[in-house]
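Here are some notes on the model you sent. They are set out as numbered points, starting with a question.

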Amino acid sequence: MQVLQWLTYAGVFVLIAIGIKSILSEHLRHGYILFVFALLMMLNLVILHRTGSGNTFLRIFIGIVAALFIYLVATGGESNTGPLWFYVFPPLIFYMLGLRQGLVVMTSCLLVIAVIFKFPELPFVITEYNPDFQLRFLTSMTFVTVFSYILDFSRRRARNDLIDLAERYDLASRTDELTRLSNRRDMRNRLDTEYYRFKRHGHHFSVVLMDIDHFKRINDGYGHDAGDEVLKDFAKLLKEHSRHLDVISRWGGEEFLILLPETSLVQALALAERLRFAVESAEFSYQSMLIPVTMSAGVCSISQFESIEGLLRQTDINLYEAKMKGRNRIVPMVKSTSRPEEHDSESV
Ligand SMILES: Nc1nc2c(ncn2[C@@H]2O[C@H](COP(=O)(O)OP(=O)(O)OP(=O)(O)O)[C@@H](O)[C@H]2O)c(=O)[nH]1
């Protein structure tokens, strides 16, 4: 919209300058009409400032410019040079309106010009052009229109390709290549955003930090590719057992962190336990070899902490404790349906 406003200022300046020159050359009517167009452009600026509608501003601007150029063709402007201004129109119209609407407006204008050339006796036509000029003008204008269309088409396609590329790079920079989950950097940003929401609006959230037990043994026993496959299936399982608004990330090698918005510690523990049980019960396999997989997890809720760092530190401590206590468990501990005897001393 900024470009269009500057174009309006430039247009008003040029119209007033040429208007003054026309009046000085005794072409009073032409000069005054140019002033009227300048006034209309300024009024359009006022409408923009009053309504704030860029779309209305654009449409009125195009209407005024089209009317001005057709007026210049119909009257010849000064010394029949009016049609020359029309060469400004095609690039402007495609840039402003886009390809389809630009083509409609340009075709309509060319038709109007053809009518003006063909019927000089029409009431609003006050000049006449010789047939050579008419033919050359219409042909060259058609060329300019086609070239402007192609140039704008290329410009738009290059811009879309660039946006596409930027989006793909952006996604790649936020995604873990192996599991297609959020990576650590993306999770840090999401945690910061969630922490801001918590501080500002009091929306609680919790995190679950998971680690696949004895993952090195999987790599050593079944091979690195099998380890990769387990990581992918593990990520898929986490997705299947989480809510849509939960953010799952690959936090490190075989560590995964889930951010649970609007979730209390008790709810987070229930989810972590559900995940632990799902992992334990799932059949992980690679090339028809069954691979037993379990996970340990530390869980924390933001309400107990003053910062993201404090929250993550304690979650890590809880995970470490889960490992130390024998793995395949959650800390703080909850009652488990699969192994009730192991979760009795520190239940939440
Ligand atoms: N296949 C595969 N292995 C990975 C990847 N990232 C990390 N690892 C391996 O994960 C293993 C992690 O081993 P450790 O840190 O000793 O942990 P662990 O064997 O899971 O033992 P605990 O965590 O104590 O239960 C290392 O052998 C890493 O090489 C990966 O992308 N693919």
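At roughly what angle do the axes of α8 and α9 cross?

1. This is a predicted model. In it, the axes of α8 and α9 cross at roughly 135 degrees and come within 6 Å. Angles from 65 to 115 degrees count as roughly perpendicular and those over 145 as roughly antiparallel, so α8 and α9 are oblique to each other. On the α8 side, F215, I218, N219 and Y222 make the contact, and on the α9 side H224, A226, G227 and V230. By class, that contact has five nonpolar residues, three polar and no charged ones.

2. The ligand is surrounded by 16 residues, of which D213, F215, K216, G227 and G253 are the closest. β1, α8 (215–222) and α9 (224–240) are the elements that give two or more residues to this shell. α9 gives the most, with four residues. Sorted by class, the shell around the ligand has seven charged, five polar and four nonpolar residues.

3. The sheet is open and has five strands, in the order β2-β3-β1-β6-β7, with mixed pairing. β2 (247–250) and β7 (330–331) each have a single partner strand and stand at the edges, so one side of each is left without a neighbour in the sheet.

4. The partner of β2 is β3 (residues 255–261); the two pair in the antiparallel sense over four bridges. R250 stands opposite F256 in β3. Helix α7 (residues 184–201) packs on the sheet, where α7 touches β1 (205–212), β2 and β3. The direction of α7 makes about 25 degrees with that of β3.

Methods
Residues numbered from 1 in each chain as written. Predicted model: local features only at pLDDT ≥ 70, side-chain atom pairs only at ≥ 80, totals over all residues. Pairing = 2+ DSSP bridges. Contact = placed C-beta atoms within 7 Å. Axes fitted to C-alpha atoms, helices over the stretch in contact; angles between N-to-C directions. Near = placed C-beta within 6 Å. Nonpolar A, V, L, I, M, F, W, Y, C, P; charged D, E, K, R; others polar. Parallel < 35°, antiparallel > 145°, perpendicular 65-115°, else oblique.
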